[in-house]
Amino acid sequence: MKVSFEGIGEQLISFAAAGDVKGQFVRMSGNGCVSACASGEGFLGLCIAENGGFADVLSHGYVKCPYTGTSPAVGYGRLCADAAGKVKVSSSGREYLILEVDSAAGTVGFIM
C-alpha cells in the first residue's frame with residue numbers, strides 16, 4: 001500500500017505576479033504581489049499556476065520538490081528557497097514538517 005499526502009490542508013491564494021513565477025517558490029514583493037525567491041530566502045509558498053499577471057500560490061499543504069545541497073531529514077526541519085523551484089536545508093529558515101526524502105531522486109516532501 002502506498003501512502004499519499006497530496007491534498008492535505010491545501011490553501012491557494014491569488015496574487016499579482018512580478019515576473020515569471022510559475023513553478024517557483026515565491027515571497028511577498030509588495031502589496032498583494034509576489035516574486036520569485038532568491039537562493040536562501042524564506043518563502044510564502046509555491047506558485048502552481050500563472051495567468052495574465054496573476055499567480056496562484058500554494059501557501060499551505062503538501063509539496064514535493066527537488067532539493068539541493070545537504071539531504072533534509074524527516075521530521076521537523078528548516079528549509080529555504082533555492083534556484084529554479086528547489087529548496088535547501090537552512091540553519092535559520094522557517095521550520096516545516098518533512099514527511100519524505102528521496103536522496104536518490106533528490107526530492108523532499110513536506111507540509112507548508
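These notebook entries record what I looked up in a predicted model.

**Basis.** I number residues from 1 along each chain as its sequence is written, and side-chain values use heavy atoms, with hydrogens and water left out. As the model is predicted, local features need pLDDT of at least 70 and side-chain atom pairs count only at pLDDT 80 or more, while totals for chains, interfaces and linings use all residues.

**Barrel.** I took strands as DSSP runs (E, at least two residues), numbered from the N terminus, and counted two strands as paired if DSSP finds at least two bridges between them. I found a closed barrel of 5 strands in the order β6-β8-β7-β9-β10, with mixed pairing. From one strand to the next, the twist averages 55°, the angle being taken between N-to-C directions of lines fitted to C-alpha atoms, on a scale from 0 to 180 degrees.

I then looked at β6 (residues 62–68) and β10 (residues 107–111), which pair in the antiparallel sense over 5 bridges. In this pair, Val63 of β6 stands opposite Phe110 in β10.

**Salt bridge.** I required a side-chain nitrogen of Lys or Arg within 4 Å of a carboxyl oxygen of Asp or Glu. The count comes to 1 salt bridge. Glu41 and Arg27 form a salt bridge through their side chains, at 3.1 Å from N to O. Glu41 lies in the loop between β3 (33–36) and β4 (45–51), and Arg27 lies in strand β2 (residues 25–30), 14 residues apart.

I checked accessibility (1.4 Å probe, protein chains only; buried under 20%, exposed over 50%, partly exposed in between). Glu41 is partly exposed at 27%, and Arg27 is partly exposed at 29%.

**Ala84.** I noted a positive phi of about 55° at Ala84, although Ala84 is not a glycine. Ala84 sits in the loop between β7 (75–81) and β8 (87–89) and is exposed, with a relative accessible area of 57%.

Methods. Helix = DSSP H or I, 4+ residues; strand = E, 2+ residues; numbered from the N terminus.
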